Amino acid sequence: MRIIFIGDIFGKPGRHIVRELLPDLVRARSIDLVIANGENSAAGFGITPALAEELFDYGIDVITTGNHVWDKREIIEYFHMADDNPYSPARRVLRPANYPDGTPGWGVYEGRTRSGIPYAVINLQGRVFMGTNEDPFRYADDLISRTTSKVILVDFHAEATSEKIALGWHLDGRVTAVLGTHTHIPTADERVLPGGTAYQTDVGMTGPYDSVIGVAKECILQKFLTNMPVRFEPASGDVRLCAAIIDCDPETGRAHQIERLMVDERVMQHEVSHK
Ligand SMILES: [Fe+2]
Ligand SMILES: [Fe+2]
């Protein structure tokens with residue numbers, strides 16, 4: 001079984017590169033399941049119901065988020081649509097599971113691929129250098145104990161590399177993959193841990209790299225140089241898609257390979273023509 005996990009999709013440039021490249025990637029690489037972090041889909045800040053469904057149309061099966069999940073308030077009503085309807089597409093948009101009890105939305109999704117393989121996606125958020133929320137380690141233990149699928153992918157939306165690798169080790173042998181998001185910078189540490197859990201500290205952003213983590217660099221420079229309030233505008237240049245491709249055994253859920261991917265449209269055309 002092959003899964004692709006796409007890192008934080010940032011604004012229109014991020015959505016468009018997904019639209020341009022994902023169908024060919026799925027075909028060329030025989031991908032069974034597509035998961036993406038969409039917390040920055042709406043011009044860098046949050047996600048709306050319409051944008052979530054646009055991403056589903058591009059071939060994404062499950063969307064995870066993070067600290068930006070509430071930036072667009074329409075998402076709250078969307079989450080409530082799934083409260084009584086497990087088949088609502090809204091049920092396939094997650095917010096971190098370890099937010100306080102009673103928060104709208106869900107942090108876990110269990111489904112089946114088109115070929116019938118059961119899988120679960122768990123979204124968690126870190127606590128180091130981030131807002132307060134419940135312990136992601138204990139939450140992960142509890143959620144995994146209640147998950148029936150063998151194939152389990154965890155999006156750990158966190159700032160600190162130490163907290164991320166620590167969760168990777170904590171879950172090694174119990175989940176298929178622990179993949180980091182949030183920093184928008186891909187890390188070159190992808191590996192399969194000894195227990196069979198694929199791991200990467202941060203998958204990286206899918207969006208404009210001629211920027212400071214997606215935002216126009218002039219805005220961020222102004223902020224650092226003056227420390228005054230600045231309006232953040234999304235950037236547009238040097239758009240890339242960052243993802244991890246994980247191969248696993250659907251019977252055991254253990255991974256045997258993880259590949260780090262960073263593609264722009266030119267590289268992609270080259271790759272597809274050689275496969
Ligand atoms: Fe992000
Ligand atoms: Fe984030």
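Arg112 stands opposite Pro118 of strand β5 in this predicted model. Strand β4 (residues 108-112) and β5 run antiparallel and are joined by five bridges. Two strands pair here if DSSP finds at least two bridges between them. Helices (H or I, at least four residues) and strands (E, at least two) are DSSP runs, numbered from the N terminus. Five residues lie between the strands of the β4-β5 hairpin, and Gly116 takes a positive phi near 95° there.

This is a predicted model, in which local features need pLDDT of at least 70, side-chain atom pairs count only at pLDDT 80 or more, and totals for chains, interfaces and linings use all residues. Residues are numbered from 1 along each chain as its sequence is written, chains are lettered from A and ligands numbered from 1 in the order in which they are written, and side-chain values use heavy atoms, with hydrogens and water left out.

**Strand β5 and its other partner**

Strand β5 covers residues 118-125, and seven of its eight residues are buried, so the rest of the structure largely encloses it. Buried means under 20% relative accessible area, exposed over 50%, and partly exposed in between (1.4 Å probe, protein chains only). Strand β6 (residues 151-157) runs parallel to β5, with seven bridges between them. Leu124 stands opposite Phe156 in β6. Helix α4 (residues 136-145) carries the chain from β5 to β6 in a right-handed β-α-β crossover. Right-handed means that, with the strands pointing away from the viewer, the path from the first strand over the helix to the second runs clockwise.

Donors are N, O and S atoms within 2.8 Å of the metal (3.2 Å for Na, K and Ca); water is not among the atoms, so sites may look incomplete.

| Ion | Donors | Distances |
|---|---|---|
| iron ion (ligand 1) | Asp8 (OD), Glu39 (OE), Asn40 (OD1), His184 (NE2) | 2.0 to 2.2 Å |
| iron ion (ligand 2) | Glu39 (OE), Asn67 (OD1), His157 (NE2), His182 (ND1) | 2.1 to 2.2 Å |

The iron ions (ligand 1 and ligand 2) are 3.5 Å apart, and Glu39 coordinates both. Around the iron ion (ligand 1), the four donor atoms give angles of 86 to 161°, and the site is irregular. The angles at the iron ion (ligand 2) are 86 to 147°, which makes its arrangement irregular. Four donors count as tetrahedral if all angles lie between 85 and 135 degrees; four count as square planar and six as octahedral if opposite donors are over 155 degrees apart and all others between 65 and 115; anything else is irregular.

The donors of the iron ion (ligand 1) are spaced D-x30-E-N-x143-H in sequence. Asp8 sits in the loop between β1 (2-6) and α1 (11-28), and His184 in the loop between β7 (177-181) and β8 (191-192), 176 residues apart. Both Asp8 and His184 are buried.

For the iron ion (ligand 2), the spacing is E-x27-N-x89-H-x24-H. His157 lies in strand β6 and His182 in the loop between β7 and β8, 25 residues apart. His157 counts as buried because its relative accessibility is 0%. His182, at 13%, also counts as buried.

**Nonpolar cores**

A nonpolar core is a set of buried Ala, Val, Leu, Ile, Met, Phe, Trp, Tyr and Cys residues joined through side-chain atoms within 4.5 Å. The largest has 33 residues, and Ile4, Ile6, Ile60, Ile63 and Leu241 have the most contacts inside it. Helix α1 gives the most to this core, with five residues. Another core lies apart from it, with 22 residues, among them Tyr119, Val121, Leu153 and Ala255.
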